[in-house]
2 protein chains.
Amino acid sequence: MANQDLLPESQPILYSYWRSSCSWRVRIALNLKEIPYDIKPISLIKSGGEQHCNEYREVNPMEQVPALQIDGHTLIESVSIMYYLEETRPQRPLMPQDVLKRAKVREICEVIASGVQPLQNLIVLIHVGEEKKKEWAQHWITRGFRAIEKLLSTSAGKFCVGDEITLADCCLVPQVFNARRFHVDLRPYPIILRIDRELEGHPAFRAAHPSNQPDCPPEAAK
Amino acid sequence: MANQDLLPESQPILYSYWRSSCSWRVRIALNLKEIPYDIKPISLIKSGGEQHCNEYREVNPMEQVPALQIDGHTLIESVSIMYYLEETRPQRPLMPQDVLKRAKVREICEVIASGVQPLQNLIVLIHVGEEKKKEWAQHWITRGFRAIEKLLSTSAGKFCVGDEITLADCCLVPQVFNARRFHVDLRPYPIILRIDRELEGHPAFRAAHPSNQPDCPPEAAK
C-alpha cells in the first residue's frame with residue numbers, strides 16, 4: 001500500500017468479491033467509463049471472510065467490499081466511489097445534468113443502497129439465521145422493489161432515469177440479481193424487469209457480472 | 001398536493017417525525033442553509049404508523065420519513081434530499097470543494113445511511129422482536145462507529161471532514177443520539193464524541209433536535 005501512495009498514476013485496484021452486489025455496482029461504473037483496473041479478490045466466505053483479516057481492515061474499516069485504490073487514495077462505500085469516479089472522470093457521464101433528474105437518480109440509488117441491500121447483506125443474514133433468512137430477504141427486497149417500480153413509473157425512459165444509463169442503473173441491475181437469488185416474484189415489477197433486460201447484454205454490464213469475475217467458482221460460471 | 005404543483009414558490013413542506021434520525025438530518029441541512037420550511041408531522045407509531053396510510057404512500061412509496069415538497073416536486077430519501085438542497089441552494093455550502101474531501105464526506109454519510117441506520121431502524125427492530133432488539137441495534141451501531149472513528153482519525157478537523165460543517169455532520173449527530181438511545185458505550189469513540197459535543201449547541205442543530213419538534217410528546221421534551 002505504501003507503494004500505491006507513491007505511485008498514484010498506477011492502475012486502480014478494486015477489492016471485489018464476485019457475488020457482492022456492491023462490488024458489482026462499481027465494476028459497472030468503471031467499465032462504463034472505460035477505466036482500466038485490476039481486481040484483488042476478497043473472499044467473503046473463505047476462512048470466515050477475508051474482509052475481516054487485519055490487513056484488509058486497514059483498507060476498509062467497515063470490513064466489507066468494495067474498496068478502490070485510485071489516485072493514491074483508498075476509497076470505500078460503493079455509491080461514494082461511483083460519485084468520485086463521476087467527479088474525477090467526466091467521460092461517459094453517469095449523472096444527468098438536470099438537477100431534478102439528478103435527484104431522481106440519487107433517490108433510486110439510496111432506496112437500493114440504504115433501503116434494500118443492507119438488509120439482505122450476507123452478514124445480516126448470518127445474524128438472522130439460516131431458517132428465516134430467505135423470508136427476511138424477500139420481505140425487504142419486495143418492499144424496496146414496490147417503491148422503486150413506483151419511482152420508475154415517472155422517471156424511467158429506456159433506463160431508470162430517462163434514456164441515458166446512470167448510477168441508478170448501476171445499482172438496480174445487481175439488486176435484481178439478488179432478488180432472483182432469493183426467489184422474489186418479480187412479475188409485479190414490469191419496469192424493473194424491462195430495464196434489467198435492456199442492460200443484460202450491454203458489454204459494460206456483462207463484463208461486470210459475477211459469472212465473469214476472476215474469483216467466480218467454476219460451478220457458478222456461465 | 002395539486003396546489004403544491006401549481007405553487008412552486010411556496011414554502012417547502014417537510015414530512016417529519018420528531019425522533020426519526022433521517023428526518024433530523026434534513027432538518028439540520030434546511031436550518032444550516034436558512035431555508036424556511038413547514039413541518040408536517042407523520043407519526044411512526046400512531047395507528048400502526050401514519051407512514052403506511054394510502055395518502056402518505058402517494059408522497060413516499062417507501063412509506064417512511066422524511067419526504068420534502070419543494071420547488072413543485074416531492075423528494076424522498078434523506079441524503080438525496082440534502083444533495084438536492086446543496087445543488088439548488090448554494091448558500092452555506094455543506095460539501096467541500098476538494099474532490100477527495102467530498103469523497104470523505106460521502107463515505108461517512110454512506111457508512112451511516114447504508115451501514116448503520118437501516119439496521120437499527122424502527123421497522124427492522126419490529127421484525128427482530130422485542131427480546132433481541134437492543135442487542136441487535138448495539139451490534140450494528142458499534143460496528144459502524146468503529147469504522148467511522150477510524151475514518152475520522154484522518155479526515156476530521158473541528159468537524160467530520162476538516163473545519164467546516166458538512167453533510168457528514170448532518171448524518172453523524174442524529175446517529176450518536178440513536179446510539180445513546182440503545183445504550184451503546186461511546187467511550188471508544190473520542191473523535192465522534194468530540195464532534196457531537198462541538199455541534200450540540202449550534203443553533204441549526206439545536207433547532208433540529210427531536211426535543212424541539214412540534215410533534216415531540218411533552219414527556220420527551222427537554
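Me: How many salt bridges does the rule find across the interface of chain B and chain A?
Reply: This is a predicted model, where local features need pLDDT of at least 70, side-chain atom pairs count only at pLDDT 80 or more, and totals for chains, interfaces and linings use all residues. Residues are numbered from 1 along each chain as written, chains are lettered from A and ligands numbered from 1 in written order, and side-chain values use heavy atoms, without hydrogens and water. A salt bridge needs a side-chain nitrogen of Lys or Arg within 4 Å of a carboxyl oxygen of Asp or Glu. Between chain B and chain A the count is 6.

Me: Which residue of chain A forms a salt bridge with Arg102(B)?
Reply: Look for the closest N and O atoms. They lie 2.9 Å apart. The partner of Arg102(B) is Glu87(A).

Me: Which element gives the most to the side of chain B that touches chain A?
Reply: Helices (H or I, at least four residues) and strands (E, at least two) are DSSP runs, numbered from the N terminus. Strand S4 (73-76) and helix H4 (78-88) of chain B are among those that each supply at least two residues. With 12 residues, the top contributor is H5(B).

Me: Is Cys170(A) buried or exposed?
Reply: Buried means under 20% relative accessible area, exposed over 50%, partly exposed in between (1.4 Å probe, protein chains only). Cys170(A) has 0%. Cys170(A) is therefore buried.
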